[in-house]
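Please keep the sequence and the structure open while you read.

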Amino acid sequence: RLETFTLVAGPGITPEVAATWVQWPNAGALPGPEAVRTGRPVYSRTRAEYVARDPALAAVADQLGIEAEATLPLVAGDRTLGILSFIFPAPHALGP
């Protein structure tokens, strides 16, 4: 089981913001843990959807400028190797 996430790249976010996300646990309300747990993409089409996961995510949305977000699990065979997240600066029609 993937215990922690480590930021490999953060194009489009400042080094200061990236530094706060260098490593974080695979737990809690963030979309990454859900994508790893379910093996399915997690979409937040609006900031309100993103923050509805946990009110503490309002600060994350402010810090990263999240108005929509998609998190995709990276799966090889039966192993989840990580996630790929896309952050959008405006509400976005995502997913099925």
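The points below go from the whole chain to single residues.

1. **Basis.** This is a predicted model, in which local features need pLDDT of at least 70, side-chain atom pairs count only at pLDDT 80 or more, and totals for chains, interfaces and linings use all residues. Residues are numbered from 1 along each chain as its sequence is written, and side-chain values use heavy atoms, with hydrogens and water left out.

2. **Layout.** The protein chain holds four helices and five strands. Helices (H or I, at least four residues) and strands (E, at least two) are DSSP runs, numbered from the N terminus. From that end, the order is β-α-β-α-β-α-α-β-β.

3. **Overall size.** The C-alpha trace spans about 35 × 30 × 25 Å along its principal axes.

4. Of the 96 residues, 31% are buried. Buried means under 20% relative accessible area, exposed over 50%, and partly exposed in between (1.4 Å probe, protein chains only). Contact means heavy atoms within 4.5 Å. Among contacts with a separation of 6 or more, 39% join residues 24 or more positions apart.

5. **Surface and charge.** The chain exposes about 5,800 Å², and carbon and sulfur atoms supply 60% of it. These areas come from the Shrake-Rupley method with a 1.4 Å probe; for residues, only the protein chains shown count as cover. There are 7 positive and 9 negative charges, and their mean positions are 7 Å apart. Lys and Arg count as positive and Asp and Glu as negative; His and the chain ends are not counted. Each charge is placed at NZ of Lys, CZ of Arg, CG of Asp or CD of Glu.

6. **Nonpolar core.** Which residues touch the most other members of the largest nonpolar core? They are Trp 21, Tyr 50 and Val 60, in a core of 16 residues. Helices α2 (31-38), α3 (47-52) and α4 (57-64) each supply at least two of its residues. α4 gives the most, with four. A nonpolar core here is a set of buried Ala, Val, Leu, Ile, Met, Phe, Trp, Tyr and Cys residues joined through side-chain atoms within 4.5 Å. In soluble globular proteins, nonpolar side chains tend to be buried together.

7. **Tyr 50 and Ser 44.** Beyond its neighbours within four places in sequence, Tyr 50 is in contact with Leu 30, Pro 31, Ser 44, Leu 57, Val 60, Ala 61, Ile 66 and Glu 69. Ser 44 sits in strand β3 (residues 42-44). Ser 44 counts as buried because its relative accessibility is 1%.

8. **Helix α2.** Its buried residues are Pro 31, Gly 32, Pro 33, Ala 35 and Val 36. They pack against β1 (4-6), β2 (23-25), β3, α3, β4 (68-76) and β5 (79-88). Pro 33 has 2% relative accessibility. Not counting residues up to four places away, Pro 33 touches Phe 5, Pro 25, Asn 26, Ala 27 and Gly 28. Pro 33 and Phe 5 are 28 residues apart in sequence, with 9.0 Å from C-alpha to C-alpha.

9. **End of α2.** Thr 38 belongs to helix α2. At 33% relative accessibility, Thr 38 is partly exposed. Thr 38 and Pro 73 lie 35 residues apart in sequence and 8.7 Å apart in space, C-alpha to C-alpha. Gly 39 follows the helix, with a positive phi near 75°.

10. **Val 51.** Leaving out residues up to four places away, Val 51 touches Leu 57, Ala 58 and Ala 61.

11. **Gly 95.** This residue is in the segment after β5. Gly 95 is partly exposed, at 45% relative accessible area. Apart from neighbours within four places, Gly 95 is in contact with Tyr 43 and Arg 45.
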